[in-house]
Amino acid sequence: MAKFREYNPKELDLKDKHHLLLSSVAPRPIGFTTSISKDGHINLAPFSFHNAFSSNPPVVGISSAFSGRTGEAKNTLTNILDTKEFTLSVVTFDIVEQMNICAAEFGPDVDEFKKSGLTKHVSKIVSTPGVAESPLIMECKFTQHVQFSDQPAGGNLLLGEIVYFHAKDESLNESGKIDPSKVDQVARMGYNWYSRANRGLFELTAPRHIPIGVDNLPQLVREHPSFTGKLLARLASVEKIPEQDIIEDLIKTYSRLSAEDMLKICAVLVEEGRILEAWQVLYLAKII
Ligand SMILES: Cc1cc2nc3c(=O)[nH]c(=O)nc-3n(C[C@H](O)[C@H](O)[C@H](O)COP(=O)(O)O)c2cc1C
């Protein structure tokens with residue numbers, strides 16, 4: 001049995017709680033947020049407590065915490081509550097160090113575009129600009145505020161409906177779809193770690209049918225040490241157990257092996273993505 005360390009958040013100090021959360025919910029996309037104060041000052045700051053919450057209407061959110069040090073509201077929170085709009089720009093590897101400058105505690109009248117050397121991209125609908133160096137910008141109208149506490153580091157979820165999208169030509173493929181290898185997004189992890197998304201890209205097609213599920217695999221397979229959870233999931237992703245098929249090559253190659261060896265072969269076939277053949281080996285082994 002794997003050993004786990006256990007932590008009760010109620011018994012942890014703020015710093016430890018913060019780092020456990022940040023390391024557990026990772027990688028997090030970064031919403032690089034432009035907002036405007038009621039007296040017209042532009043503000044830019046990164047927020048990795050950020051996600052999308054609805055496609056229809058398209059809703060995104062960031063959470064701006066009260067400062068962990070002073071308990072004060074951050075400029076972004078004050079601005080969005082006052083002027084009810086913001087833009088989110090995707091942070092890429094090229095601009096991550098400029099983004100980092102914008103995370104410093106500048107006063108409310110300091111324009112972080114100037115401090116970071118980033119450029120404003122004029123919005124179509126809202127009056128706050130996006131970041132021109134970013135490949136994807138969302139213009140948002142503020143809709144809801146959820147305050148989790150009034151304590152230092154207490155979060156304020158700010159939700160907004162996207163009223164306009166901007167996608168840079170150079171981040172699209174030939175068919176006009178956003179190409180993740182061109183976007184070069186970065187994400188925030190725990191402590192000072194970031195992740196560069198396009199260095200770890202892989203594709204996984206969403207299920208198109210109801211899979212039979214691991215619980216419907218033969219017990220011998222489920223309990224065999226060659227089958228990791230990943231391999232079981234692959235084998236169990238078929239819509240129904242395939243019919244037996246007489247595949248001469250398989251019979252010639254494997255029929256003299258023991259059932260135990262056939263199970264190992266089956267696992268190798270699954271690993272190679274040869275799912276239908278893997279099922280046929282289970283027939284040969286008389287496991288189904
Ligand atoms: C990558 C990154 C992600 C951050 N995410 C958050 C966040 O989700 N919530 C938050 O309150 N502060 C976050 N911060 C810190 C704010 O960016 C920082 O407090 C900033 O000064 C706020 O600026 P403002 O006062 O202009 O709003 C993050 C900083 C970095 C570098």
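Two strands pair if DSSP finds at least two bridges between them, and strands (E, at least two residues) and helices (H or I, at least four) are DSSP runs numbered from the N terminus. The legends below concern a predicted model, in which local features need pLDDT of at least 70 and side-chain atom pairs count only at pLDDT 80 or more, while totals for chains, interfaces and linings use all residues. Residues are numbered from 1 along each chain as its sequence is written.

**View 1. Strand 9 between its pairing partners, strand 6 and strand 10.** Strand 9 (136-147) and strand 10 (156-167) run antiparallel and are joined by eleven bridges. Within this pair, lysine 141 has glutamate 161 of strand 10 as its bridge partner. Strand 6 (85-90) is also antiparallel to strand 9, with five bridges. Here threonine 87 is bridged to glutamate 139 in strand 9.

**View 2. The largest nonpolar core.** A nonpolar core is a set of buried Ala, Val, Leu, Ile, Met, Phe, Trp, Tyr and Cys residues joined through C-beta atoms within 7 Å. A residue is buried if 20 or more other C-beta atoms lie within 10 Å of its own, exposed if 12 or fewer, and partly exposed in between, with C-beta atoms placed from the backbone. This core holds 27 residues, and Phe32, Leu88, Val91, Met138 and Cys140 have the most contacts inside it. Elements giving two or more residues include strand 3 (42-47), strand 5 (58-63), helix 2 (75-83) and helix 3 (96-102). Strand 9 contributes the most, with four residues.

**View 3. Surroundings of methionine 138.** Contact is counted when the C-beta atoms of two residues, placed from the backbone, lie within 7 Å. With neighbours within four places in sequence left aside, methionine 138 is in contact with Val60, Thr87, Leu88, Ile162 and Phe165. A second, separate core has 17 residues, among them Phe227, Ile265, Val281 and Ala285.

**View 4. The shell around the ligand.** The shell comprises 18 residues (C-beta atom, placed from the backbone, within 6 Å of the molecule). The closest are Ala45, Phe49, Lys74, Asn75 and Thr76. Strand 3 and helix 2 are the elements that give two or more residues to the shell, and the largest share, four residues, comes from strand 3. By residue class, the shell has eight nonpolar, seven polar and three charged members; Ala, Val, Leu, Ile, Met, Phe, Trp, Tyr, Cys and Pro count as nonpolar, Asp, Glu, Lys and Arg as charged, and the others, Gly among them, as polar.

View 5. Most residues other than glycine have a negative phi, and most peptide bonds are trans. Proline 27 sits in the loop between helix 1 (14-24) and strand 1 (28-29).

**View 6. Positive phi at aspartate 184 and tyrosine 191.** Aspartate 184, although not a glycine, has a positive phi of about 60°. This aspartate lies in the loop between helix 5 (180-183) and strand 11 (186-188). Aspartate 184 is partly exposed, with 19 other C-beta atoms within 10 Å. Tyrosine 191, not a glycine either, has a positive phi of about 50° and is placed in the loop between strand 11 and strand 12 (194-196). Tyrosine 191 is exposed, with 9 other C-beta atoms within 10 Å.
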